[in-house]
Amino acid sequence: MLNTAKIILLMAGLTGLLYAVCSLFNIPPIFAILFALIPNLIAYFYSDKIVLSSYGARIVSEEEAPELYRIVSRVAERANIPVPRVALINTETPNAFATGRSPKKAVVAVTLGIMEILTEQELEGVIAHEIGHVKHRDILTGSIVATIAGAIVYMTHVLQWGLIFGGGRDNDNPGGLVGSLLAIIVAPIAASIIQMAISRQNEYKADEAGALYSNPVYLANALNKLEKGVNAVPLKNGNQATAHMFIVNPFRGKDFASLFSTHPSTADRINKLMEMAGNPKYLR
């Protein structure tokens, strides 16, 4: 509940930032939202096909991966959602992600690398984390957040071009000019920080789901192995914009700055999971 409340507050802050930027240029926020909505609608409806294709993921049948399907089916039953499709990614980088705009359209993808280093219990913890993303409809949340953040960036571009070509009242008003310049510089950075903060809260929520649908110790042990595995074998070919989808950042062991990190620190996540291990609610 606390993580959900934080997400709601962060989204409210992002929306307020959009309205503040739009008010500087006297443009209704709906125009900026509609402009940013188009690419994000495409991403929302086709995200599964786009991201699976970009990583060469292959949908496999139950006959091809019976043990993996058994784990996914078991966790999906606990979460009370339809069994997602399962995909394998041919890379030694140990990782996993879930995609799809609804539980009925969901796909859980795992790499060959993660299958090699995790025990069945640890893999169940990872799958439970990904099922948590599906259950919480985080693809939808991410699309809404990306639309609002994209609208803010669009509006700052409008402000920038307005200043360059001398349009509007701000050129005759030093205070307005300073405000516009600050908006152009600060607003996109603030939007990115809020967007990343929401992503981190989603990870905490999915970790809690992983503890609830499996076992917190299983997931904690898996995260420890994955952090070391990604440090040893980072993903070389991929899009940094998709880093937030993976259970750990696949491109490097640590993000450059915590404010712009798509994931909480792995050590912090493990500590929280181990705290849950003392609560009978999370133990099977």
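**Note on the predicted model: fold, rings and cores**

1. Of the 284 residues in the protein chain, 49% count as buried. The model is predicted.

2. The protein chain holds nine helices and four strands. Read from the N terminus, their order is α-α-β-α-β-β-β-α-α-α-α-α-α. Take the contacts in the protein chain with a separation of 6 or more: residues 24 or more positions apart account for 70% of them.

3. Aromatic pairs come next. The whole structure has three. One of them joins Tyr55 and Phe97. The pair is tilted, at 6.3 Å centre to centre and 55° between the planes. Tyr55 sits in the loop between helix H2 (29-54) and strand S1 (58-60), and Phe97 belongs to strand S3 (residues 96-99), so this pair ties together parts 42 residues apart in sequence.

4. Are these two residues buried or exposed? Tyr55 counts as buried at 11% relative accessibility, because the cut-off is under 20%. Phe97 is buried too, with a relative accessible area of 0%.

5. Tyr55 also pairs with Phe246. The ring centres are 5.4 Å apart and the planes stand at 85°, so this pair is edge-to-face. Phe246 lies in the loop between helix H8 (216-232) and helix H9 (266-276), and Tyr55 in the loop between H2 and S1, so the pair ties together parts 191 residues apart in sequence. Both Tyr55 and Phe246 are buried.

6. A charge-over-ring contact deserves a look. Lys272 lies over the face of Tyr204, 5.3 Å from the ring centre.

7. Now the nonpolar packing. The largest nonpolar core has 40 residues. Those with the most contacts inside it are Leu68, Val110, Ile114, Val126, Ile127 and Ile131. At least two residues of this core come from each of helix H3 (66-79), strand S2 (85-89), S3, strand S4 (107-111), helix H5 (120-135), helix H7 (174-213), H8 and H9. Which element gives the most to this core? H3 does, with seven residues.

8. Leaving aside residues up to four places away in sequence, Ile131 touches Val75, Ala79, Ile81, Pro84, Val108 and Tyr213.

9. A second core is separate and has 14 residues. Among them are Ala57, Val107, Leu235 and Met245.

Definitions and conventions
Residues are numbered from 1 along each chain as its sequence is written. This is a predicted model: local features need pLDDT of at least 70, side-chain atom pairs count only at pLDDT 80 or more; totals for chains, interfaces and linings use all residues. Side-chain values use heavy atoms; hydrogens and water are left out. Buried means under 20% relative accessible area, exposed over 50%, partly exposed in between (1.4 Å probe, protein chains only). Contact means heavy atoms within 4.5 Å. Rings of Phe, Tyr and Trp (its six-membered ring) pair if their centres lie within 6.5 Å; planes under 30 degrees apart count as stacked, over 60 as edge-to-face and the rest as tilted. A charge sits over a ring if NZ of Lys or CZ of Arg is within 6 Å of the ring centre and within 35 degrees of the ring normal. A nonpolar core is a set of buried Ala, Val, Leu, Ile, Met, Phe, Trp, Tyr and Cys residues joined through side-chain atoms within 4.5 Å.
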